[in-house]
Amino acid sequence: MRPARPAQRLLRHATGALGATGNYLWSGWGSIASIGLFLAAWDMTAGHLGELILPRPLEALARLQQLLADGQAWPEIAVTARRALAGFALSVGIGSLLGLLAGLSVTASMTARPLVTLLVGMPPIAWLILALLWFGAGDGTPVFTVFIACFPIIFVGAMQGTRSLDGQLRELARAFRLPPWMRLTDVILPHVVSYLFPAWISALGMSWKIVVMAELLSTEDGIGAALAVSRSHLDTAASMAWIVALVGSLLAIEYLLLEPVKRRVESWREFASSSS
Amino acid sequence: MLEDIHLSVAPGEAVALVGPSGCGKSTLLNLAAGLLDPWEGKVHNSFTRSTMMFQQPRLLPWKRTLDNIALGLKARGENAPRRHATARRLALEMGLADEDLDKYPSALSGGMQSRAALARVFAVEPDLLLLDEAFAALDIGLKSELYGLLARQRAAHGCAVLMITHDLMEALRLADRILVMAGSPGRIVASHAIDEPAARRSEDWVFAHTARFIREPGIRAAFGLPPC
């Protein structure tokens with residue numbers, strides 16, 4: 001009986017993981033259907049308005065394919081992704097850490113709240129102007145603008161996560177004499193991550209929008225700059241193609257990278273909801 | 001909130017604190033557990049491995065049952081195979097099934113969660129066990145089963161117990177000494193030693209003594225019952 005047990009466990013884990021992946025893929029059908037509906041609506045509107053104002057989806061996709069095929073699009077997408085991810089990574093690192101620390105102290109979180117409101121209220125375009133003055137044209141401006149726009153979202157997520165930690169679980173940690181590092185890894189972090197992850201995901205979406213805006217006004221390369229060029233040529237098809245490239249790369253990162261990681265990290269939630 | 005309280009628990013002794021709600025029982029227990037610091041007075045704890053069981057199971061929702069039971073052992077620095085072996089043995093003794101240990105707490109019934117919480121407490125082999133109305137929310141069948149498990153662990157390891165409870169029958173079943181508290185300010189108004197060994201107390205014995213206990217004038221006054 002005993003030697004069979006690890007093998008059984010492994011098998012159970014494996015079937016569990018397979019099942020989860022299957023569920024995930026199957027849940028994709030709903031999304032594909034709604035994207036299909038959206039494309040249909042787009043196509044109908046384009047038919048009414050004429051191709052000069054709104055190109056048809058197929059035309060935009062064909063244009064994108066052409067841009068990809070002649071090697072024009074990839075470098076621009078890579079530059080934009082690099083800037084967005086650099087700013088995003090900075091705000092994830094600094095925002096999560098500071099938010100966590102702020103949440104540990106009542107005074108710090110009370111002090112931080114109005115500052116965060118201020119940061120959230122400041123329009124990104126104002127930051128962009130400041131960044132242009134400080135960093136000039138180049139990577140610094142878009143990276144800084146993305147960082148400063150994403151920072152408050154992540155900071156608030158981390159702070160609320162720590163603040164909302166159940167007082168009962170803190171008592172438990174003391175009663176069982178958990179050393180400080182275990183309080184962090186076994187009690188605080190698993191709880192905080194459930195607040196942090198949604199914040200990271202909305203910050204990622206934010207970073208993709210902000211980076212294009214910053215590029216449009218401050219740089220010579222990247223998707224934003226390419227959009228500025230296609231606009232000046234009155235090339236709606238190319239503009240649409242770039243927008244599709246932008247949204248497509250964001251969706252790819254969110255659904256192929258973040259969503260599976262989220263499911264992995266929060267597996268206990270999944271089990272909880274499926275069993276009750 | 002508390003006034004002039006001298007309370008000591010000898011090694012291996014089981015002391016029950018009973019009293020009305022709000023009389024400061026929980027405060028006293030939290031002081032003993034080190035969850036609160038006294039404003040005045042002193043708490044001297046010479047027990048080295050005291051631990052506490054709460055009214056709710058308080059299992060960590062993101063840990064599987066086995067890891068929840070092994071929590072105190074992990075805190076003490078035991079390696080994974082050893083602490084899992086101890087946790088598994090105790091869990092089976094407490095009536096959990098092998099397949100429950102892989103589940104997350106939310107997938108367990110309330111009774112199973114209480115068993116896991118009890119196993120988690122015993123895993124650290126406490127020399128002082130603090131019970132904060134640990135059995136108050138359980139049905140009578142499960143309660144009496146957990147009483148039995150507690151008694152067996154105490155017989156094997158001889159840990160001291162300091163428990164607070166509203167339930168006089170529970171106190172008479174488990175304790176060697178019952179202290180009655182009254183409120184505002186919280187103080188101990190009566191002490192009642194029980195000579196009969198816990199293992200020999202039958203249901204009938206508990207019923208009879210509870211009936212007698214509740215007629216004592218000091219107890220009635222503490223709970224605000226009219227004299228009979």
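The accessible surface of chain B in this predicted model amounts to about 10,500 Å², and carbon and sulfur atoms contribute 53% of that area. Accessible areas were computed by the Shrake-Rupley method with a 1.4 Å probe, and for residues only the protein chains shown count as cover. Of the 228 residues of chain B, 50% are buried, where buried stands for under 20% relative accessible area.

Along the principal axes, the C-alpha atoms of chain B fill a box of roughly 55 × 45 × 30 Å.

Chain B contains 9 helices and 6 strands, defined as DSSP runs (H or I, at least four residues, for helices; E, at least two, for strands). Among contacts in chain B with a separation of 6 or more, 70% join residues 24 or more positions apart, a contact being heavy atoms within 4.5 Å.

The structure holds 0 disulfides over all chains, a disulfide being a pair of cysteine sulfur atoms within 2.5 Å. B:Cys23 is buried at a relative accessible area of 2%, and B:Cys159 is buried at 3%.

Residues are numbered from 1 along each chain as its sequence is written, and chains are lettered from A in the order in which they are written. Local features need pLDDT of at least 70, side-chain atom pairs count only at pLDDT 80 or more, and totals for chains use all residues, while side-chain values use heavy atoms, without hydrogens and water.

Notes:
Buried < 20%, exposed > 50% of the residue type's maximum accessible area, 1.4 Å probe, protein only.
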